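Colleague: I am new to this structure. Could you show me how to read helix packing, and then a pocket?

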Amino acid sequence: MADLEGLKVAKNYYLDTPFQNSNGFYVKGANALDWGMKKHLSRIFDAKSGNTVMLAFDHGYFMGSTSGLERLDIEIPKLIPNVDVLMATRGGLRDCIDPALIGNKGIALRATSGSSMLDEDLSHEILAVDAQEAVKMNADCIAIQTFIGGDGQLSSLENLSKAVNMAQQYSIPVLGVVAVGKQMERTPKFFKLATRILAELGANIVKTYNCENFEEVVAACPVPIVVAGGKKIPERDALQLAYDVISKGANGVDMGRNIFQSLHPFEMSAAVRKIVHEGATAEEAYAFYEDAIHPVQ
Ligand code: R5P
């Protein structure tokens, strides 16, 4: 292990230089992957924009029905046309979503669990889904929560490593999720540390949060980054968040509450899509949202 004394804070992120190992396949860091992996990734990331809109509705795995999503069976199906990937638990998907509605959308299967919002420390999880189950769910990636700097760091990185070993055998990509919690910081330094650790341990996609100097987080992470929405904020602000991270190099959003807790989730998801896939600014996307919820008579 390297000597930690006298670390350079930053050398050069080469922000103006594109990712170099990109001859052949359009998803960052995926050149050396096999056909099956690339097929799954191409279901997640649009070949034209290179980006993805993931709809996260896996919150029930530790929040039950208290996340503002009381009825998956009613709220989710109508949003499917506007998103590329459904991020959910196997129970949420199997019980509530008719597979005929999913069509060619991707599935990001939440594969860790073990805590509830009643716990003081949420950082202790287990790997709860095996490879056969992921194959049976037609998962395009499996999502593994990690707690860098948290009490459960070791076990969560063990979960990630086991998931990568297992998923490699079936050519299923792994989505490494950076958790933030009471014990974890939300600084650029933390996100640079956590995202890079996850990628180097084999995650093919990393989900994290926006922060100052986010473009440096993206530059130093050799796989695509998707950004969580976080707690509900006004629609205009959530669209600004989506715009900011896409313009700084994120390859998509993995947004939950800022879509499904909106008073107009269908229109909000369509507005997010405008930014992620069509290059709209936050202003343009918000104008689209306003027009959609107040149509001219
Ligand atoms: C929460 O535990 C999950 O990881 C969510 O998928 C994630 O937080 C994204 O959802 P939101 O945009 O609501 O934060």
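Colleague: Which hand does the crossing of H12 and H13 have?

Modeller: The model is predicted, so keep that in mind. In it, H12 and H13 make a right-handed crossing.

Colleague: What else describes such a pair?

Modeller: Two packed helices are described by the angle between their axes and the distance between the axes. Here, H12 spans residues 265–278 and H13 spans residues 282–293. Their axes come within 9 Å and cross at roughly 155°. Angles over 145 degrees count as roughly antiparallel, so H12 is roughly antiparallel to H13.

Colleague: Which residues of H12 and H13 make the contact?

Modeller: From H12 come Glu267, Met268, Ala270, Ala271, Lys274 and Ile275. From H13 come Ala282, Ala285, Phe288, Tyr289, Ala292 and Ile293. By class, that contact has ten nonpolar, no polar and two charged residues.

Colleague: Now take H10 and H13. At what angle do their axes cross?

Modeller: H10 covers residues 235–247. The axes of H10 and H13 cross at roughly 140° and come within 9 Å. That angle makes H10 oblique to H13. The crossing is right-handed.

Colleague: Which residues meet between H10 and H13?

Modeller: On H10, look for Glu235, Arg236, Leu239, Gln240 and Tyr243. On H13, look for Ala282, Glu283, Ala285, Tyr286 and Tyr289. The classes are six nonpolar, one polar and three charged residues.

Colleague: And H10 with H12: parallel or antiparallel?

Modeller: The axes of H10 and H12 cross at roughly 25°, again coming within 9 Å. Angles under 35 degrees count as roughly parallel, so H10 is roughly parallel to H12. This crossing is right-handed. H10 brings Glu235, Ala238, Leu239, Ala242, Tyr243 and Ile246. H12 answers with Met268, Ala271, Val272, Ile275 and Val276. The contact has ten nonpolar, no polar and one charged residues.

Colleague: On to the pocket. What volume does the second largest pocket have?

Modeller: Its volume is about 880 Å³.

Colleague: How many residues line the second largest pocket, and which lie nearest its centre?

Modeller: The lining has 37 residues. Nearest the centre lie Phe62, Gln145, Val180, Tyr209 and Arg257. By class, the lining has 15 nonpolar, ten polar and twelve charged residues.

Colleague: Which helix gives the most to the lining of the second largest pocket?

Modeller: Helix H2, residues 60–63, gives the most, with three residues.

Definitions and conventions: Residues numbered from 1 in each chain as written. Predicted model: local features only at pLDDT ≥ 70, side-chain atom pairs only at ≥ 80, totals over all residues. Heavy atoms only, no water. Axes fitted to C-alpha atoms, helices over the stretch in contact; angles between N-to-C directions. Helix = DSSP H or I, 4+ residues; strand = E, 2+ residues; numbered from the N terminus. Parallel < 35°, antiparallel > 145°, perpendicular 65-115°, else oblique. Left-handed = near helix turned anticlockwise from the far one by under 90°. Contact = heavy atoms within 4.5 Å. Nonpolar A, V, L, I, M, F, W, Y, C, P; charged D, E, K, R; others polar. 1 Å grid on protein atoms, 1.4 Å probe; cavity = no way out; pocket = protein on both sides within 12 Å on 5 of 7 lines; lining within 4 Å. Points joined across faces, edges and corners; volume = space filled by probe spheres on them.
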